[in-house]
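Subject: Structure handover

Hello,

The structure you asked about is below, with notes on what was found in it. Please read the notes with the model open.

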Amino acid sequence: MLDIRRIRQDPETVARLLAKKHVEVDLDVVQRLDAKKREITLHIERLKAQRNQASEEVSQRKKRGEDVTGLIAETRLVGEKIKELEASLEPIDQELQDFLYTVPNTPLPQVPEGESADDNQEMHRFGEVPRFSFPAKPHWELGEMLEIIDFERARKISGSRFSLMRGMGARLNRALINFMLDHARERGYQEVAPPYLVNEASMLGTGQFPKFAEDAFHVVPHDYYLIPTAEVPLTNLFRDEIITGPFPLKFTAYTASFRAEAGAAGRDTRGLIRQHQFDKVELVRFEEPQGSEAAIEEMLRDAESVLEELELPYRTVMLCGGDMGFGQALTYDIEVWMPSYGKYVEISSVSNMTDFQARRANIRYRPSGVKKTEFVHTLNGSALAVGRTIAAILENYQRPNGHVKIPDVLRSYLDDKELI
RNA sequence: GGAGGGGUAGCGUAAUUGGUAACGCAGUGGUCUUGAAAACCACCGCCUUCGGGCUUGCAGGUUCGAGUCCUGUCCCCUCCGCCA
């Protein structure tokens, strides 16, 4: 959520920044509602002051045994007027609130102009793209041949866009989770095992709601939502709290993630790339505002180094305005080389949300030496998406006979085995 | 799921027939001190257009006025049932 005062004071700048995200927002509506709200609120508060004073007087005069029927009747009218005004304020406030919840975050100045992924700015590359002297296979074929991934049975058990892993596949999955969690812990992130089902307030706090409700799985009779990412429970750790630091506060969690993938019909239908359920190790940080720009660089390195240790080729891009998400102020995508796609595929997204989520979720801190509270900055990033990492390992490490070499760094998690 | 009890500042506790949220501890600043402790003083929920407004889990209702009365709801505890 944007600071209403920013819109009030400088709507042109806000509109220009949102235009960079290729979003058009009618800020006149916001300003009109805001002005109306403030006018009515002022009026209500004056009447309340009057009523509070009158009530106090009733109390005093009653103690002295005086007659107060006239004063009470008079004050009743003030109360009725307050009720009237509050009734008129309610729909205005609701409309303003609803509107503000749908306005995206503004991008930081360094975000490149552009409207699609084609306009993203490449930052750097790592590793050599493998060249195979034999016909390389896509990971879904390798996975089925090696009997470590079973798409058909997952379809029977659940439906399309589900998969299951067996034997060395399941072990590789678990090895990656452990490796990634250990890696994050070594870098100072506290491990968390959060709930997978969250309430509506949590989804609103991180920005999934109200705009992207159709992407979430809703557990209807109980009114819970399956988390689309561990970012949701982790960022909501401190919802409605004033945190005392010391900053940065860094957390990591392995969770399954659930996405309806509405609007992705027909895309990435084969393999592990786009599933309704996938495993992911997530990083979340809470920072003082002045620390968030350095923090995202550090966090990017935290994620990139996972791929470097796995010796998987990747490139890092800074997303252009038009390709960025709703709540992000700055986003780096890390894309791993996927031979079956013949291109780099997103495996991690690292973002600075600035104070956007903190305002929605009301997460504040007290800057040292200052009495007033301020909103923290939140950041999040995947380190990494496990299914896509498995796909990348299978494809990049495949041998002519269909077997797959296990990356060195995972061997200790897999009884020192060398091959799958 | 059922029955009972409870939710007041970080923690622990108050508040007359409904009368406008109090106290202790902890914390912060200061005085004193070589320094510290102790003692003493002040501050010690949120917002504010600085007039004031809001705040007893949350949302409503009754009332001039609600921690207190009423309705709904969430959470916690105890017991029972069920359950990995």
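Two strands count as paired if DSSP finds at least two bridges between them. By that criterion, strand β9 (residues 249-258) and strand β10 (residues 277-287) are an antiparallel pair, joined over 10 bridges. Within this region, A256 lies opposite D279 of β10. Please keep in mind throughout that this is a predicted model.

The eight-stranded sheet

β9 and β10 belong to an open sheet of eight strands with mixed pairing, in the order β1-β11-β12-β13-β16-β10-β9-β4. The edge positions are taken by β1 (121-126) and β4 (190-192); each has a single partner strand, so one side of each has no neighbour in the sheet. On average, and ignoring direction, neighbouring strands here are turned by 25 degrees against each other.

Helix α7 (residues 168-186) packs on this sheet and touches β4, β9, β10 and β16 (377-385). Its direction makes about 5 degrees with that of β10. Helix α12 also packs on the sheet, where its contacts are β10, β12 (330-338), β13 (343-352) and β16. The direction of α12 makes about 35 degrees with that of β12.

How covered is α12 (residues 386-396)? It is mostly covered, with 11 of its 11 residues buried. Among the buried residues are the charged R388 and E395, as well as I390, I393 and L394.

N120 sits in the loop between α4 and β1. Its relative accessibility is 14%, so N120 counts as buried, the cut-off being under 20%. The side chain of N120 reaches the backbone nitrogen of C320 at 2.8 Å. Leaving aside residues up to four places away in sequence, N120 touches V317, M318, L319, C320 and D323.

The RNA strand

Chain B is an RNA strand, and 20 residues surround it. The closest of them are A49, N52, S55, K62 and R76. Which part of RNA strand B do the atoms within 4 Å of the protein belong to? Sugar or phosphate accounts for 63% of them, and bases for the rest.

- R76 has a polar side-chain atom 2.5 Å from a phosphate oxygen of RNA strand B.
- R5 has a polar side-chain atom 3.3 Å from a phosphate oxygen of RNA strand B.
- E45 has an N or O atom in its side chain 3.4 Å from a sugar or linking oxygen of RNA strand B.

The elements giving two or more residues to the surface near RNA strand B are α3 (27-63) and α4 (69-101). α3 gives the most, with 11 residues. By residue class, the surface near RNA strand B divides into 12 charged, five polar and three nonpolar residues.

The three-stranded sheet

There is also an open sheet of three strands, ordered β5-β7-β6 and paired antiparallel. β5 (197-198) and β6 (218-219) are at its edges with a single partner strand each, so one side of each is left without a neighbour in the sheet. β5 and strand β7 (residues 224-226) run antiparallel and are joined by two bridges. L197 stands opposite L226 in β7.

Backbone geometry to check

Most residues other than glycine have a negative phi, and most peptide bonds are trans. The following places depart from that.

Two cis peptide bonds can be noted. One joins F209 and P210, with omega about 0 degrees; P210 is in the loop between α8 (200-206) and β6. Another joins F247 and P248, again with omega about 0 degrees, and P248 is in the loop between β8 (241-243) and β9.

Positive phi values occur at T354 and D416. For T354, phi is near 45 degrees, and the residue lies in the loop between β13 and α11 (356-361). For D416, phi is near 60 degrees, and the residue lies in the segment after α13 (408-411). Is each of them buried or exposed? T354 counts as buried at 10% relative accessibility, whereas D416 is exposed, with a relative accessible area of 58%.

Regards

Conventions: Residues numbered from 1 in each chain as written. Chains lettered and ligands numbered in written order. Predicted model: local features only at pLDDT ≥ 70, side-chain atom pairs only at ≥ 80, totals over all residues. Heavy atoms only, no water. Near = heavy atom within 4 Å. Polar contact = N/O pair within 3.5 Å; in protein donor to acceptor, adjacent residues only side chain to side chain. Helix = DSSP H or I, 4+ residues; strand = E, 2+ residues; numbered from the N terminus. Buried < 20%, exposed > 50% of the residue type's maximum accessible area, 1.4 Å probe, protein only. Axes fitted to C-alpha atoms, helices over the stretch in contact; angles between N-to-C directions. Contact = heavy atoms within 4.5 Å.
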